Amino acid sequence: MNRDELLQWLTETNPERLGSLWAQADAVRRKHVGDEVHLRGLLEISSHCVRHCLYCGLRAPNRDLPRYRMNTDEILACARQAADFGYGTVVLQSGEDPGLTNDFIADVIRRIKSDTPLAVTLSLGERSEQELAAWRAAGADRYLLRFETSNARLYAAIHPSLPGRRSDRIALLRQLRELEYEIGGGVMIGIPGQTFEDLADDIEWFARLDLDMIGVGPFIPHPATPLGQDAGQSRVCNQVPNNEEMTCKVMALARLICPEANIPATTALATLDRRNGMELGLTRGGNVVMPNLTPAVYRRRYDIYPEKANIQEAAPECLGSVERGIIRLGRRIGQGRGDSANYLRRRSAASWKA
Ligand code: 5AD
């Protein structure tokens, strides 16, 4: 698909033609990754964050948010629960928290790997190459780091660098690929100041980076952030809307362009449409769901954006509604780790060359 076609789809409003985009994405999904929907247990291990991102409720200047950091025993108990639920993967996610030290995380990874058959996915922000290498050596399988937008000016405006350390997530993703992680990136849809051209670039970057996992969700304004208080001043004339349809278009195009990637129906999408969000995502390109495993006492404090779907539900209830939704679509719960077909192909090509 060339760039003009991408832009055409991104700006398409005709319901019939959009119906054909959803159908194509669903067919490509079935052909390349099948009917299994892989479940990843999402564990939000720390809400501490040193960054000042203009969109995120965890930003350091948000002093109203009581912070928490889970200890090793708590994390392990939740990982065992993930395995008991039959998940293949646990995702350890946090703000950018230096209190999660290299040794602490390496130890947690080793223990999860020795106690359970789970794949371990990290989503801990921009960390040093030394840490990323140590965690890979400790047994981590995958790393999620959305680049949020490929528009460098917009990115710099909403995601200030730390002093003396320029934030370059695209470079970090390449580093993670060199370390032989299965790599995940993605963007938010409808960031104030984001244009349709930006989204076309983002989708081209998904392919260029050869992403194994692609996470896209709508931007949801958080009142305790500068972008949440922005009353439209940052919008541009070619502004992308932060709605469901726009999010689904990017998911569907990502599926067409990266047919073997794992693509989640994100929590943010389910937050916009509690009744149908997950089902829409799974029928318009998605093949993964990430039920929340975070203990109830902490969940409310992982306040990235308001009204996160399932915030009130404990883990077993969350799982029940997700499983029922998958079955209703005539799909199956994924068995095993659910490694990305894209990654397996890249690894086998590499070993063949060697
Ligand atoms: N709305 C939607 N998504 C958000 N994220 C952070 N803040 C928001 C928000 N206000 C997303 C970012 C980040 C992921 C963990 O959550 O894309 O990478």
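## Terms and basis of the model

A residue is called buried when its relative accessible area is under 20%, exposed when it is over 50%, and partly exposed in between, using a 1.4 Å probe and protein chains only. The model is predicted: local features need pLDDT of at least 70, side-chain atom pairs count only at pLDDT 80 or more, and totals for chains, interfaces and linings use all residues. Residues are numbered from 1 along each chain as its sequence is written, and side-chain values use heavy atoms, with hydrogens and water left out.

## Cysteines

The structure contains zero disulfides (pairs of cysteine sulfur atoms within 2.5 Å). C258 takes part in no disulfide, and the nearest cysteine sulfur, that of C248, is 17 Å away. C258 is buried at 8% relative accessibility. C78 is also buried, with a relative accessible area of 7%.

## Ligand surroundings

The shell around the ligand, with a heavy atom within 4 Å as the criterion, consists of Y55, C56, Q93, R146, E148, M188, P218, F219, I220, I304 and Y305. Eight of these residues are nonpolar, one is polar and two are charged.

## Ligand polar contacts and burial

A nitrogen atom of the ligand is 2.9 Å from a polar backbone atom of Y55. An oxygen atom of the ligand lies 2.8 Å from a polar side-chain atom of R146, and a ligand oxygen is 2.6 Å from an N or O atom in the side chain of E148. Taken alone, the ligand exposes 410 Å², of which the protein buries 87%; these areas come from the Shrake-Rupley method with a 1.4 Å probe.

How values were computed: Polar contact = N/O pair within 3.5 Å; in protein donor to acceptor, adjacent residues only side chain to side chain. Nonpolar A, V, L, I, M, F, W, Y, C, P; charged D, E, K, R; others polar.
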